[in-house]
Amino acid sequence: MRLLLVSSSGGHLAQLMCLRSWWEKHDRHWVTFDTDDAVAKLQGEEVTWAHHPTTRNVRNLLRNTTQARRVLERTDPDVIVSTGAAVAVPYFWLSKWRRSSTVYLEVYDRIETPTLTGRLCRPVTDLFLVQWEEQRRLYPSSVLVGELW
């Protein structure tokens with residue numbers, strides 16, 4: 001299986017790293033920001049560095065959308081997995097014109113209100129995962145997987 005793992009650096013990337021026992025068995029490509037923590041964690045991995053900041057930055061949303069189109073064509077993933085944040089949005093929406101499935105894992109620390117990225121990705125997500133029972137009321141058709149720390 002060919003994976004595309006998309007996330008912001010920092011805590012979002014840390015959440016994806018918790019899934020190592022699963023993703024290390026598959027062919028994969030990463031998309032994240034070029035920060036010290038991401039460079040260290042993804043040493044030896046195939047990575048595309050996204051443009052940041054992304055939060056409410058229309059210019060970088062457009063740049064990341066163009067980049068997402070190229071990355072999706074080049075990597076042709078079977079599954080796109082993300083823990084957010086905004087860098088995931090163009091990948092998830094563009095996946096609907098491809099054969100890629102999408103899996104979104106809502107972040108660990110948001111249990112009272114949905115994240116903006118969760119709300120934007122939800123309509124085009126094939127499998128929406130949450131880590132807390134309380135998050136299920138925010139995303140009624142989500143699947144509870146428990147905490148990933």
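R2 and E46 form a salt bridge, with their closest N and O atoms 3.2 Å apart; the term covers a side-chain nitrogen of Lys or Arg within 4 Å of a carboxyl oxygen of Asp or Glu. R2 lies in strand 1 (residues 2–7) and E46 in the loop between helix 3 (36–41) and strand 3 (47–50), so the pair ties together parts that are 44 residues apart in sequence. Please bear in mind that this is a predicted model, where local features need pLDDT of at least 70 and side-chain atom pairs count only at pLDDT 80 or more, while totals for chains, interfaces and linings use all residues. Residues are numbered from 1 along each chain as its sequence is written, and side-chain values use heavy atoms, leaving out hydrogens and water.

**Salt bridges**
- By this rule, the count is nine salt bridges.
- R2 is buried at 13% relative accessible area, whereas E46 is partly exposed at 37% (buried is under 20%, exposed over 50%, partly exposed in between, with a 1.4 Å probe and protein chains only).
- R28 pairs with E45 at 2.7 Å between the closest N and O atoms, linking strand 2 (residues 27–33) to the loop between helix 3 and strand 3.
- Helices (H or I, at least four residues) and strands (E, at least two) are DSSP runs, numbered from the N terminus.

**Between helix 5 and strand 5**
- W97 sits in the loop between helix 5 (88–94) and strand 5 (101–105) and is exposed, with a relative accessible area of 69%.
- S95 is in the loop between helix 5 and strand 5 too, yet counts as buried at 0% relative accessibility.
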